[in-house]
Amino acid sequence: MQAWQVHENGEPSEVMRLCEVEPPKPGDGQILLRVRAANVNFPDALLCRGQYQTRPPLPFTPGVEICGDTPDGRRVIANPVLPHGGFAEYALADGAALLPVPDGLDDAEAAALHIGYQTGWFALHRRAGLRAGETLLVHAAAGGVGSAAVQLGKAAGATVIGVVGGPGKASAARELGCDTVIDRTAQDVVAAVKEATAGRGADVIYDPVGGTAYAQSTKVVAFEGRIVVVGFAGGVIPSPPLNHALIKNYTIMGLHWGLYATRDPESIRHCHERLTELARRGAIRPLVSERVPLTDAAGAVQRVADGTTTGRVAVLTGPRATS
């Protein structure tokens, strides 16, 4: 089978190589899936760079989120078991963790429904307790993780402010449903948020960026607001002065969604049921901006790493890639 492999750490476009390899053999409790589509996530770039929380042994195949077929023909959503990731024709997954694909989603949309939407749902509902009528601020609102948070915020009845980088991403954020869109390349984010909220600030802030975005969040979080940190795509991990949180009465909370797979796996299934219902109602639908063939996976991962994409990028295998 064809599979992308990383033999040394570095930038995705430099270290990912398309190889001909034997299909992986399932271990205890594992199942071999035929990959239909693999969604590109920022962690795929971090894996290539050797900067992710887990470091699979070299060589490995990146790709942490797929839609695939089981041997008995079921279409499922899965997180492949590294080092046998999803940028390949076949991948391994935990047989007990497979999730059914909601009706009405194509392969690329199904592959993009899992990590970003689960992260958003856990962050906004389980951690931050977002309520209808509150104001939600989403950084990188047109990106893969941010676009899911925007849709989930709107589905929860929140007023959503999206911060983006550039006019093209601003247009995408409006289409996603943001009530206010702020282009950080042309506007003062802090001033624009204060204007949009009549000086009150945002009740919940969703931050997958870190760095400057986090610093801006502390200046616009409302009284008793909640800042949810879900990643550091900007490359800078902030060191917050906790006296500031005390003075302004706000909460800083983290969300590492992957922990739920080991600590509370049933909660992931419960979340998937909620997401399936929202998808059925049309309240959420992954924004897939690009569908590329397997041969273009390295370039797709690099574009996501560089932050030049909007929504999700999906890698398709087989004849579906050209349809």
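Q: How far is the sulfur of C67 from the closest cysteine sulfur, and which residue holds that sulfur?

A: This is a predicted model, and the distances here are read from its atoms. A disulfide needs two cysteine sulfur atoms within 2.5 Å. In this case the closest cysteine sulfur to that of C67 is in C271, 18 Å away, so the two are too far apart for a bond.

Q: Which cysteine sulfur is the closest to that of C271?

A: The sulfur of C67 is the closest, again at 18 Å, which is too far for a bond.

Q: How many disulfides does a search of the whole structure find?

A: The search finds zero.

Q: Are C67 and C271 buried or exposed?

A: A residue counts as buried when its relative accessible area is under 20%. C67 has 0% relative accessibility and is therefore buried. C271 is buried too, with a relative accessible area of 0%.

Q: How many residues are in the largest nonpolar core, and which have the most contacts inside it?

A: A core of this kind is a set of buried nonpolar residues joined through side-chain atoms within 4.5 Å. Here the largest one has 84 residues, and M16, F87 and L136 have the most contacts inside it. There is also a second, separate core of 17 residues, with V189, A192, A202 and V221 among them.

Q: Where is N41 found, and is N41 buried or exposed?

A: N41 is in the loop between β3 (30-39) and α2 (42-49). Its relative accessible area is 3%, so N41 is buried.

Q: Which side chains make polar contacts with the side chain of N41?

A: A polar contact pairs N or O atoms within 3.5 Å. Another, at 3.1 Å, links the side chains of N41 and R312.

Q: Where is I31 found, and is I31 buried or exposed?

A: I31 is in strand β3. Its relative accessibility is 17%; the limit for buried is under 20%, so I31 counts as buried.

Q: What does I31 contact, leaving aside its neighbours within four places in sequence?

A: With those neighbours left aside, I31 is in contact with P26, T70, P71, A91, L92, A93, G95 and L98.

Q: What separation do the C-alpha atoms of I31 and P80 have?

A: These two residues are 49 residues apart along the chain, and their C-alpha atoms are separated by 9.7 Å.

Technical notes
Residues are numbered from 1 along each chain as its sequence is written. This is a predicted model: local features need pLDDT of at least 70, side-chain atom pairs count only at pLDDT 80 or more; totals for chains, interfaces and linings use all residues. Side-chain values use heavy atoms; hydrogens and water are left out. Buried means under 20% relative accessible area, exposed over 50%, partly exposed in between (1.4 Å probe, protein chains only). Helices (H or I, at least four residues) and strands (E, at least two) are DSSP runs, numbered from the N terminus. A polar contact is a pair of N or O atoms within 3.5 Å; within protein, one must be able to donate a hydrogen and the other to accept it, and residues adjacent in sequence count only if both atoms are side-chain atoms. Contact means heavy atoms within 4.5 Å.
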